[in-house]
Amino acid sequence: RPPGPSAIRGIPAYVVALPAASIGLIAYGYYSFLDEAPLTRRKRLLATSSSWERRMGDEQYAQMLQQNRSGILPPDHRASGTVR
């Protein structure tokens, strides 16, 4: 039986396979989380899902409303209509 390529150099196959598999998984993870910006068409890394992002934004919005309840004008106020 002829020796494999890594055995010729004296390196066991598992020593080569583990780093190669790790690099492959990292590359797959990186490319699977790439997103394209709509305006510039540039690629960017987003490590969150859109549903998680939406949930986090909704929680922050609710917290901001609760903290600033006294400073928020009611919808029927004249200044509220100007902003809309």
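These entries go from the overall layout to the salt bridges and then to one serine.

**Ground rules.** I'm working from a predicted model, so I kept in mind that local features need pLDDT of at least 70, side-chain atom pairs count only at pLDDT 80 or more, and totals for chains, interfaces and linings use all residues. Residues are numbered from 1 along each chain as its sequence is written, and side-chain values use heavy atoms, with hydrogens and water left out.

**Layout.** I find 4 helices and 2 strands, in the order α-α-β-β-α-α along the sequence. Helices (H or I, at least four residues) and strands (E, at least two) are DSSP runs, numbered from the N terminus.

**Surface.** Of the 84 residues, 4% count as buried. My cut-offs are under 20% relative accessible area for buried, over 50% for exposed, and partly exposed in between (1.4 Å probe, protein chains only). The accessible surface comes to about 7,900 Å², with 61% of that belonging to carbon and sulfur atoms; the areas are from the Shrake-Rupley method with a 1.4 Å probe, and for residues only the protein chains shown count as cover.

**Salt bridges.** How many salt bridges does the structure hold? I get 3, taking a side-chain nitrogen of Lys or Arg within 4 Å of a carboxyl oxygen of Asp or Glu. Asp-35 pairs with Arg-44, closest N and O atoms 3.3 Å apart. Asp-35 is partly exposed at 29%, and Arg-44 is partly exposed at 39%.

**Glu-36.** I looked here next, in strand 1 (residues 34-36). Glu-36 bridges to Arg-41 at 3.4 Å and to Lys-43 at 3.6 Å, so I logged Glu-36, Arg-41 and Lys-43 as a network of salt bridges, by the definition above. Glu-36 is partly exposed at 32%, while Arg-41 is exposed at 58% and Lys-43 is exposed at 56%. Leaving out residues up to four places away in sequence, Glu-36 touches Arg-41, Arg-42 and Lys-43 (contact means heavy atoms within 4.5 Å).

**Ser-80.** Is Ser-80 buried or exposed? Ser-80 is buried, at 12% relative accessible area, and belongs to helix 4 (residues 78-83). A polar atom of its side chain lies 2.9 Å from the backbone oxygen of Pro-74. With residues up to four places away not counted, Ser-80 touches Leu-73, Pro-74 and Pro-75.

Technical notes. Polar contact = N/O pair within 3.5 Å; in protein donor to acceptor, adjacent residues only side chain to side chain.
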